Each structure stands twice: as structure tokens, then as C-alpha cells.
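Dear colleague,

I am passing on the structure we spoke about, so that you can look through it alongside my notes. Please open it first and then read on.

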There are 2 protein chains.
Amino acid sequence: MMSVTLYGFWRSLAAFRVRALLHYKEIPFNEKIINLLEGDQFSADYHERNPQHVIPLLEHDGHRVTQSLAIMEYIDQVWPERPILPTSAIERAYVRSISQITIADTHPLVVPRIRNYLNKTYGQDEAGQASWAQHWFNEGSLAIEQRLKSDGLCGQFTLGDQITLGDFALCSHIVGARLFGADVSIAPTLVAIADRCLATEAFMLSHPMKQSGAPIKK
Amino acid sequence: MMSVTLYGFWRSLAAFRVRALLHYKEIPFNEKIINLLEGDQFSADYHERNPQHVIPLLEHDGHRVTQSLAIMEYIDQVWPERPILPTSAIERAYVRSISQITIADTHPLVVPRIRNYLNKTYGQDEAGQASWAQHWFNEGSLAIEQRLKSDGLCGQFTLGDQITLGDFALCSHIVGARLFGADVSIAPTLVAIADRCLATEAFMLSHPMKQSGAPIKK
């Protein structure tokens, strides 16, 4: 029996990317909640599963995969239906590169362990941490917006009119930017793409605010 | 005529990864220096090439690719000799995942734009910035060391005894950790792998301290 378990948390943008892809590919899965605010990531059980103490973690048929980008590439290789990577080298590079502007250059700067460090070491309170996060989300938004315009490969989505890896990355960027109160109006092309993703069932169902544990929206 | 140009800088760990891969694959290339300390990344010429103002950038036959991980995957697809990705999904995921512990979760925290922000916003001088960098290199080293041990897939190199994508990532991590004065002794398995890489010609030639512009070692 093949089984797929995602270890995630409502607030995690990286878990959102992976959850949306599982829904997009129509892969049945269970999600186990690792409450990062309550320190579940440091439990003995989770430490054994992922000594880096981060989510998401995908368990598939006895295999464990970490890091959202590696998980998404793994899923695309194991479940090739509805592929999320184009075949040409240059289009693949475009999709991966634009994804990494947020997955590598933005998101890792705003995760809890960084905000905790800013608090402990530089005395940054919640407002200070938000200011840090907004700054880097804005930098990322501007960089992605410029790439979308200058590369000339986007259409309704990141690459033309089909959903690719880039959309899971870019949509999570905008969802995160909004959660942290950044100004997304500086990147209208990016926002339009993210909102087209969020209008699809896979992304809608996967949105952080729709997950168990998320605060009730007023 | 096919031409390959790498836009790099001696100090850049991301350029080091790509440079080492070009040497490893024996791909002829030119390197153009973008002096990050003198602001070359903001010149009109480079802005037109990469509006994100970061290196490395690979130009190949009129195509431009950014983000070191995307560039390395691109190179491996276009020049398939001496492949750096295993074929099985789970081994690929392992190699990509362990690479991303440094490429996504560590290195983006210590690049110049972050250190500049720490200086301007939190008044962190060189010692404060070094302390920040050492902290995150150590976190990354411990996480990678644990993965190398717990996954049980490493040998002489990250995956068994052949060089893969993981070695370009892990070697750059240790080179960076040493440049920033972090304590690499906490990760002996990782250090041994990195030093085996550095004993090969491709990595030796590509080392940051061997590049034009690097300070003379006493």
C-alpha cells in the first residue's frame, strides 16, 4: 500500500507549496500537524524523522523527503501526470530560477528561527520582526516582478498559460507577503499570477488560512 | 559558435559552486568579474543582464540563467556527460534536499545585502556580522552532518563515492564557513567530504582564494 503523509503546519509557506502540489496532482495524502508555535518540531518523534527540525517533510512509502523544492521535484518525478516542469533546458532553468528568488532568497529569511534570533540578539519585537520580513518580501517581489517582465515568458501563469513549479513558488510568496503585511501592490504582474493560482481548487484548498489551527478570519 | 560566460566574483560561494561544476564537466568558459564590493552589480550593463543584481549569472548561447541551483541543473541537462544527479527519485531528492540546507537555508542569510542590512538597521559592525554568519553556518553544518549520518547514503562523497550536485553545495558550505571563521570541527563527516572535493582539480582551481581579486594568503 502506497501512503503519502505531509508533515505541515497552517502557517508554513513551504508546506503550502507542497500541499497545493499534492492537491494539483490529485495525490491522496494525510497531513500531520507539527505545531511550530508549540515546539512540536523538537519532539523526539519528529527529531527522529527530521533532525533539521523544519517542515515540510514528505513521507512516501517509507521514504522521507525534506526541503520544499526537493519535495516538489520528487513528486513531479514519481507522479508524472500534470507535469510542473517544462522539458526544454532553458524553460526549466527559468522556472527553477524564478522559484528560487523566493524559495532560496526570500522565504528562508523570514522563518521562525530567524525571527527568534532577531528578537534574542537584536531585541527586535514583533513590529521590528515584521519590518524585517516586509523588507525582504518587498525585495523579492520587485526582483520577481522584474524577471516576469524582462524574461517575457509569463502569460496567465509564470510560464505561459500552464501551471508549473514557478506558480507554487510565486503564489506562496504572495500569500506570505500578505500574511506579513508587505506591500504587494509593487508587483502587479506577480500578484495577478498568484491570484489566478488562488482561484483554482488546488491552491484554494491549500491556503494557510484554510488549514486546521489557523486563526479565524474576521 | 557556442559560448559560455560566467559572471562571478572571487568571494561568491554561489559562483564557486558553478565554476567548480564547469571545470568538473570540462566545459570551456570565460569568467567576467562583477566586483560586488565596488558595486558592479548595480551598473547599467549588469542591471540589464540581471535586474536582481546578484551573481552568478550564466550566459550560454544567448540564454541567461541565474540562481546557482538552477544553473547547475541547467548545465547538467545541457552537458549530460559526468552527470551530477542520480536517476532514482529518492536519491535525487536526497541530493537536492541536502544541497538546499546550505543553498536555501544557510547561504542566503550571509550574503552582502543581508550583512549591509544588519549594519544599517541594527548597527552591527564587522564583528557582529561575523557572529551572525558564524551562527547560521554552524546551524547549517550541524543539520547537514546529521543528515549525512542519519540518511546513511554518503560515502567518500555526499552520495556514495561519486561526485554529485550535493558535493558542489556541501563543499561551498565548508569553504564559506571557513571564510567567515565558523567552527567546522562540529561537522567532521561534512568536512571530510568537502576536503575530498577540494583535493580534486575542478574544485581546487575554482576555490575563491585562487581567483583574481582574492586577497593574498599569508
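Below is what I found, taken topic by topic.

Please keep in mind throughout that this is a predicted model.

Domains of chain A

The domain assignment divides chain A into domain 1, residues 4-82, and domain 2, residues 89-208, and the centres of these two domains, taken over C-alpha atoms, are 19 Å apart. Where they meet, 15 residues of domain 1 of chain A are in contact with 16 residues of domain 2 of chain A. On the domain 1 side, the elements that contribute two or more residues are helix 1 (13-24) and helix 3 (68-78) of chain A, with helix 1 of chain A giving the largest share, nine residues. Sorted by class, that side of domain 1 of chain A holds 10 nonpolar, two polar and three charged residues.

Helix 3 of chain A

Helix 3 of chain A deserves a separate look. It is largely enclosed by the rest of the structure, because eight of its 11 residues are buried. The buried residues of this helix are A:Ser68, A:Leu69, A:Ala70, A:Ile71, A:Met72, A:Glu73, A:Tyr74 and A:Ile75. What covers them includes, from chain A, helix 1, strand 3 (57-60), strand 4 (63-66), helix 4 (89-103) and helix 7 (165-179), and also helix 4 (89-103) of chain B.

The sheet in chain A

Chain A has an open sheet of four strands in the order 2-1-3-4, with mixed pairing. Its edge strands, each of which pairs on one side only, are strand 2 (30-33) and strand 4 of chain A, and neighbouring strands of this sheet are turned against each other by 20 degrees on average, direction ignored. Strand 3 and strand 4 of chain A pair in the antiparallel sense over four bridges, and A:Val65, in strand 4 of chain A, is the bridge partner of A:Leu58.

The sheet in chain B

In chain B there is an open sheet of four strands with the order 2-1-3-4 and mixed pairing, and its edge strands are strand 2 (30-33) and strand 4 (63-66) of chain B. Strand 3 (57-60) of chain B runs antiparallel to strand 4 of chain B, and four bridges join them; B:His63, in strand 4 of chain B, is the bridge partner of B:His60. Helix 1 (13-24) of chain B packs on this sheet, where it touches strand 1 (4-8), strand 2 and strand 3 of chain B, and the direction of this helix makes about 155 degrees with that of strand 1 of chain B.

With best wishes

Technical notes. Residues are numbered from 1 along each chain as its sequence is written. Chains are lettered from A and ligands numbered from 1 in the order in which they are written. This is a predicted model: local features need pLDDT of at least 70, side-chain atom pairs count only at pLDDT 80 or more; totals for chains, interfaces and linings use all residues. Domain bounds come from an automatic or database domain assignment. Two residues are in contact if their C-beta atoms, placed from the backbone, lie within 7 Å. Ala, Val, Leu, Ile, Met, Phe, Trp, Tyr, Cys and Pro count as nonpolar, Asp, Glu, Lys and Arg as charged, and the others, Gly among them, as polar. A residue is buried if 20 or more other C-beta atoms lie within 10 Å of its own, exposed if 12 or fewer, and partly exposed in between; C-beta atoms are placed from the backbone. Two strands pair if DSSP finds at least two bridges between them. Axes are lines fitted to C-alpha atoms, for helices over the stretch in contact, and angles run from 0 to 180 degrees between N-to-C directions.
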